Amino acid sequence: MELGYFAMPSHPPECGLKEGHDWDLQVLRWLDELGYQEAWIGEHHTAPWEPHPSPDLLVAQALLQTKNIRIGPGGFLLPYHHPAELANRVAMLDHLSNGRLNFGVAASGLPSDWAMFNVDGMSGQNRDMTREALEIILKMWTEPGPWTHKGKFWTVTKPDTMFDFLKPHIKPQQAPHPPIGVAGLSKNSDTLKLAGERGFIPMSLNLNPAYVGSHWDSVEAGAAKTGRKPSRKDWRMVREVFVADTDAEAWKLSTGDMMGRMMGEYFLPLLGHFGFKDYLKASPDVPDSDVTVEYCARNNWIVGSPATVTEKIEKIYQEVGGFGVLLVFGFDYKHKPEAWHNSLRLLKHEVLPRLKHLDASVGRAA
């Protein structure tokens, strides 16, 4: 098993935009120093608790301040970008990364973002736009011109050479392109079927393990369409994690601090508005009103001492049938930086060595 990081990025609404950005940069430097494999940075436009509209700005700066960690958007919201422009920008970013870039894509799930960009998410237009944009981006990177793609949402031309020397010339450093990651939330996720179908990296967002188990079914269903054999080693699992020296200290620093505040003030109410609280329940008969911060901490979060956290990760691993990379869900602890750094350190140096026997290539503990 490997470790990575998934940042929305999340900051409280009173936090300045640069202040939050600087915290994220600090965490990315720590992750690199600690030997984490990768980090994914989200894009949102209308969520004060998720205030970064341009993950590539953070990624570009972080690449200059780190040496080994792979970093990428997690993901670019494809309905809001012209595919040709994004193809060139991501390709350039891949060169700046010296091949350390991951390319995460997403369809966008916030109705307020849909409204800002006039996208009809209720009808699934955002998903259709995402598929079309990704098709164009991949074509830009891999198919020589000239060609014209006339789609439902975009018409893009890759022109032939003009005036002897003007021509499309920007391609990623990684051939044929950076690894592509997609995140799924709902049961029988269409996004994760796409991951299986195209051989992309599947990422399961932070839900109850009982729901997440169905995500691999989606990956396999998509893979069956194209005759692929997906590997559980590629499956990323996003979880809320807080490790401290004792269970009591970890509980206090998580539920009683920024993790609890963000969940209570933003994430749980948001999922409630979407009717998604079912995804957090250990069993369907739990009433929505019982799905509190403490309930999530007990049933879904990975919080405790190194011994407790080891046990919880192993339990989730067995429940879902195995996965390759645990992605720590990012929170803003700039008021207690040493506690967050210590949690990341304990997870890498105290917990991970105790999980060496888990082998995702066979699906269960070896």
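**Criteria and assignments**

Reader: Why is Ser214 called buried?

Author: Ser214 has a relative accessible area of 7%. Buried means under 20% relative accessible area, exposed over 50%, and partly exposed in between, with a 1.4 Å probe and protein chains only. Ser214 is therefore buried. The model is a predicted one, in which local features need pLDDT of at least 70, side-chain atom pairs count only at pLDDT 80 or more, and totals for chains, interfaces and linings use all residues. Residues are numbered from 1 along each chain as its sequence is written, and side-chain values use heavy atoms, with hydrogens and water left out.

Reader: Where is Ser214 placed, and which residues does Ser214 touch?

Author: Ser214 belongs to helix α7, residues 209-226. Helices (H or I, at least four residues) and strands (E, at least two) are DSSP runs, numbered from the N terminus. Apart from residues up to four places away in sequence, Ser214 touches Lys187 and Asn188; contact means heavy atoms within 4.5 Å.

Reader: What makes Leu346 buried, and which residues are in contact with Leu346?

Author: The relative accessibility of Leu346 is 4%, so Leu346 counts as buried. Leu346 lies in helix α12, residues 337-351. With neighbours within four places in sequence set aside, its contacts are Val243, Ala244, Asp245, Pro306 and Val351. Asp245 is 101 residues apart from Leu346 along the chain, and the C-alpha atoms of the two are separated by 8.5 Å.

Reader: Which residues of helix α6 are buried, and what do they pack against?

Author: In α6 (residues 190-198) the buried residues are Leu192, Leu194, Ala195, Gly196 and Glu197. They pack against α5 (125-142), β8 (180-184), β9 (201-204) and α7. After α6 comes Gly199, with a positive phi near 75 degrees.

Reader: How many disulfides are there?

Author: The count is zero, where a disulfide is a pair of cysteine sulfur atoms within 2.5 Å. As for individual cysteines, Cys15 has 14% relative accessibility and therefore counts as buried. Cys296, with a relative accessible area of 3%, is buried.

Reader: What is the geometry of the peptide bond from Gly145 to Pro146, and of the one that joins Ala175 and Pro176?

Author: The bond from Gly145 to Pro146 is cis, with omega near 0 degrees. Pro146 is in the loop between α5 and β6 (147-150). The bond joining Ala175 and Pro176 is cis, with omega about -5 degrees, and Pro176 is in the loop between β7 (155-158) and β8.

Reader: Are Phe163 and Asp164 buried or exposed?

Author: Phe163 has 61% relative accessibility and so counts as exposed. Asp164 has a relative accessible area of 75% and is therefore exposed. Phi of Phe163 is positive, near 55 degrees, although Phe163 is a residue other than glycine. Asp164, which is not a glycine, has a positive phi of about 75 degrees.

Reader: How many aromatic pairs does a search of the whole structure find, and why is the pair of Phe331 and Trp340 called edge-to-face?

Author: The search finds 17 aromatic pairs. The ring centres of Phe331 and Trp340 are 6.3 Å apart and the planes are at 80 degrees, so the pair is edge-to-face. Rings of Phe, Tyr and Trp (its six-membered ring) pair if their centres lie within 6.5 Å; planes under 30 degrees apart count as stacked, over 60 as edge-to-face and the rest as tilted.

Reader: Why is the pair of Tyr333 and Trp340 called stacked?

Author: The ring centres of Tyr333 and Trp340 are 5.1 Å apart and the planes are at 0 degrees, so the pair is stacked. Phe331 is buried at 1% relative accessibility, Trp340 is buried with a relative accessible area of 0%, and Tyr333 counts as buried at 0%. These residues belong to one aromatic cluster, formed by Phe6, Phe242, Tyr266, Phe267, Phe329, Phe331, Tyr333 and Trp340.

Reader: Which residue lies over the face of Trp147?

Author: Lys139 lies over that face, at 4.6 Å from the ring centre. A charge sits over a ring if NZ of Lys or CZ of Arg is within 6 Å of the ring centre and within 35 degrees of the ring normal.
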